[in-house]
Amino acid sequence: MSHEPLNIAVLTLSDRRTLAEDSSGQYLAEALVSAGHRLGDRQLIASDRYQLRALVSQWIADAAIQVVLINGGTGFHPRDCAPDALKPLFDRPVEGFGELFRHLSFNEIGTSSLQSNAFAGLANDTLIFCMPGSTNACRTAWEQLIGPQLSIDTKPCNFVTKVSKSN
């Protein structure tokens, strides 16, 4: 298999977990490394729209980070701030990500999938994927959507060709 490793940052939004308790972020970090990519950074911050926007803006501006995976902050709780904080940063949304994620989630959690505001977009040639904070949701997103799209072998198209920053 041909492979082009990408530099991927992982961020968990949580007001309750610590990095040591972050099974979702740990899963994503391990999954991306297992797929042959590089963990560019991993952080956990509180659900604060301004801290979130500041950190993600740093990664967007950093030529070394090509993809950002964010878990948490996508539901309907008043502290869930990811959509409001990050969508204004996008140059182009990836509409199909949220739609497909909710479709896949429906098979796992039924109508509760309606409460997922999973979304993705491209900002300064950096892909940003935002998913719910549960480890199962992260697994679904990575294994069925994100992981395959970050493989140069996925045809007829993949996102590897869209992140033009140098590795």
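Contact here means heavy atoms within 4.5 Å. Keep in mind that this is a predicted model, where local features need pLDDT of at least 70, side-chain atom pairs count only at pLDDT 80 or more, and totals for chains, interfaces and linings use all residues. Residues are numbered from 1 along each chain as its sequence is written, and side-chain values use heavy atoms, with hydrogens and water left out.

Start by selecting Leu150. Leaving aside neighbours within four places in sequence, Leu150 is in contact with Leu6, Ile8, His37, Val67, Leu127, Trp142, Phe159 and Val160.

Next, select Leu69, Phe97, Phe129, Trp142 and Ile146 as well: with Leu150, they have the most contacts inside the largest nonpolar core, which has 29 residues. Such a core is a set of buried Ala, Val, Leu, Ile, Met, Phe, Trp, Tyr and Cys residues joined through side-chain atoms within 4.5 Å; buried is under 20% relative accessible area, with a 1.4 Å probe and protein chains only. Among the elements that each supply at least two residues are β1 (7-13), α1 (23-34) and α5 (135-149). Helices (H or I, at least four residues) and strands (E, at least two) are DSSP runs, numbered from the N terminus. The most comes from α5, with 6 residues.

Now show the strands. Six of them form an open sheet with mixed pairing, ordered β2-β1-β3-β6-β5-β4; two strands pair if DSSP finds at least two bridges between them. Colour β2 (38-45) and β4 (92-93): each has a single partner strand, so one side of each lacks a neighbour in the sheet. Zoom in on Arg92, whose bridge partner in β5 is Leu122.

Key: Buried < 20%, exposed > 50% of the residue type's maximum accessible area, 1.4 Å probe, protein only.
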